[in-house]
Amino acid sequence: MSIAQNKKAFHDYFIEEKYEVGIVLEGWEVKAIRAGRIQLKEAYVIIRNGELYLIGSHVSPLPTASTHINPDPVRTRKLLLHAEEIGRLIGKVERAGYTLVPLDMHYKAGRIKVEIGLAKGKKQYDKRETEKRKEWERSKQRLLRAR
């Protein structure tokens, strides 16, 4: 079941591979995410010291759940992935000009997981071509339904 999606990522990037990773959260963040108060639109993933970090995701704190602490809505959150897979990602990101973007946040077996994608940036003409193709598919479906 999806909590939040980053639809902008599919518009701005070609997604080559997808990985499902865990995320390190604080208690107030889990409660806020379960309430749907997360935004992944401007978020991205970096690799620092052989570890993955999610930067720029915004978790709005609940007014009742975080009264005893001072929450930081855009703090850097660590992502959990096997070291072997991180090593492969480091090679692809540094060598081939790829980037890592969060695509989706969802539940799996009671835990919150993040799906990240190995992505290559689209040029402006690629974005226009994708939009034209989507519009053509929509109009084709309308024509088939009208028969």
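Two strands pair if DSSP finds at least two bridges between them. Strands themselves (E, at least two residues) and helices (H or I, at least four) are DSSP runs, numbered from the N terminus. The structure described here is a predicted model, in which local features need pLDDT of at least 70 and side-chain atom pairs count only at pLDDT 80 or more, while totals for chains, interfaces and linings use all residues. Residues are numbered from 1 along each chain as its sequence is written, and side-chain values use heavy atoms, with hydrogens and water left out.

Strand β4 (residues 44-48) and strand β5 (residues 51-55) pair in the antiparallel sense over 5 bridges. Within this pairing, V45 stands opposite L54 in β5. The hairpin has 2 residues between the strands, and N49 takes a positive phi near 55 degrees.

R48 lies over the face of Y53, at 5.2 Å from the ring centre. A charge sits over a ring if NZ of Lys or CZ of Arg is within 6 Å of the ring centre and within 35 degrees of the ring normal. The charged end of K120 likewise sits over a ring, that of Y98, 4.5 Å from its centre.

Helix α3 comprises the 14 residues 83-96. The expected span of a helix is 1.5 Å times one less than its number of residues. Just after α3, G97 takes a positive phi of about 75 degrees.

Strand β8 (residues 99-108) contains H106. Because its relative accessibility is 12%, H106 counts as buried; the term buried means under 20% relative accessible area, exposed means over 50%, and partly exposed lies in between (1.4 Å probe, protein chains only). The side chain of H106 makes a polar contact with the side chain of E20, at 2.6 Å. A polar contact is a pair of N or O atoms within 3.5 Å; within protein, one must be able to donate a hydrogen and the other to accept it, and residues adjacent in sequence count only if both atoms are side-chain atoms. Leaving aside residues up to four places away in sequence, H106 touches several residues, among them M1, I3, R111 and E115, where contact means heavy atoms within 4.5 Å.

I38 belongs to strand β3 (residues 38-39). With a relative accessible area of 13%, I38 is buried. Its C-alpha lies 6.4 Å from that of S60, although I38 and S60 are 22 residues apart in sequence.
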